[in-house]
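Work through the exercises below with the model open. Try each task before reading its solution.

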Amino acid sequence: QVQLVESGGGLVQAGGSLRLSCAASGRYHMAWFRRAPGKERAFVATISKSGSNIYYADSLKGRFTISRDNAKNTGFLQMNSLKPEDTAVYYCAASTIRAGDYESLYEYWGQGTQVTVSS
């Protein structure tokens, strides 16, 4: 059974940084999505199994960086210059198909980690 365990969420002031981690039980294409209060879950970033293909939501380019350590089957989301509107539950997702920006690609999901950015 595939397991995804997220960590690294928390409370941070606007302008600060956080690094989320997602430990997987194997090697998969990985992505991060987020659900802000009162909104639907939205795509953040994705990285292919090899790490050679990376895509971001247009609005987050330049502030967020996705990466992975395949030796540890762990994915990361570095979030810089955080804004109050980045407040959300962040979900790690894994796909055996490919990396992409829509939820139905991803068969496995983590439990989510809360990120709160104060103004």
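**Exercise 1. Rings**

Solution: 
- Step 1. Buried means under 20% relative accessible area, exposed means over 50%, and partly exposed lies in between (1.4 Å probe, protein chains only).
- Step 2. This is a predicted model: local features need pLDDT of at least 70, side-chain atom pairs count only at pLDDT 80 or more, and totals for chains, interfaces and linings use all residues. Residues are numbered from 1 along each chain as its sequence is written, and side-chain values use heavy atoms, with hydrogens and water left out.
- Step 3. Apply the ring rule. Rings of Phe, Tyr and Trp (its six-membered ring) pair if their centres lie within 6.5 Å; planes under 30 degrees apart are stacked, over 60 edge-to-face, and the rest tilted. The count comes to 5 aromatic pairs.
- Step 4. Strands (E, at least two residues) are DSSP runs, numbered from the N terminus; helices are runs of H or I of at least four residues.

Task: Classify the pair Tyr106 and Trp109.

Solution: 
- Step 1. The ring centres of Tyr106 and Trp109 are 6.4 Å apart and the planes stand at 70°, so the pair is edge-to-face.
- Step 2. Tyr106 is buried at 4% relative accessible area, while Trp109 is partly exposed at 27%.
- Step 3. Phe33, Phe43, Tyr106 and Trp109 are linked into a cluster by ring pairs.

**Exercise 2. Charges over rings**

Task: Which ring does the charged end of Arg41 sit over, and which ring face does Arg19 lie over?

Solution: 
- Step 1. Use the rule: NZ of Lys or CZ of Arg must be within 6 Å of the ring centre and within 35 degrees of the ring normal.
- Step 2. The charged end of Arg41 is over the ring of Trp109, 3.9 Å from the centre.
- Step 3. Arg19 lies over the face of Phe76, also at 3.9 Å from the ring centre.

**Exercise 3. Salt bridges**

Task: How many salt bridges does the count come to, and which partner does Arg34 meet?

Solution: 
- Step 1. Side chains of opposite charge can pair when their charged atoms come close. Here the cut-off is a side-chain nitrogen of Lys or Arg within 4 Å of a carboxyl oxygen of Asp or Glu. The count comes to 4 salt bridges.
- Step 2. Arg34 meets Asp86, at 2.9 Å from N to O. Arg34 is in strand β4 (residues 29–35) and Asp86 in the loop between β8 (74–79) and β9 (88–95), so the bridge ties together parts 52 residues apart in sequence.
- Step 3. Arg34 is buried at 16% relative accessibility, and Asp86 is buried at 1%.
- Step 4. Widen the view. Arg34, Arg63 and Asp86 are linked in a salt-bridge network.

Task: Where do Glu103 and Arg41 lie?

Solution: 
- Step 1. The closest N and O atoms of this salt bridge are 3.1 Å apart. Glu103 sits in the loop between β9 and β10 (108–109) and Arg41 in strand β5 (residues 41–47), so the pair ties together parts 62 residues apart in sequence.
- Step 2. Glu103 is partly exposed at 31%, and Arg41 is partly exposed at 22%.
- Step 3. Now take Asp58 and Lys61: their closest N and O atoms are 3.3 Å apart in a salt bridge. Asp58 and Lys61 are both exposed.

**Exercise 4. A sheet**

Task: What is the strand order of the open sheet of 4 strands, and which are the edge strands?

Solution: 
- Step 1. Two strands pair if DSSP finds at least two bridges between them.
- Step 2. The order is β1-β3-β8-β7, with antiparallel pairing. The edge strands, each pairing on one side only, are β1 (4–7) and β7 (64–69).
- Step 3. β1 and β3 pair antiparallel over 4 bridges. Leu4 stands opposite Ala24 in β3.
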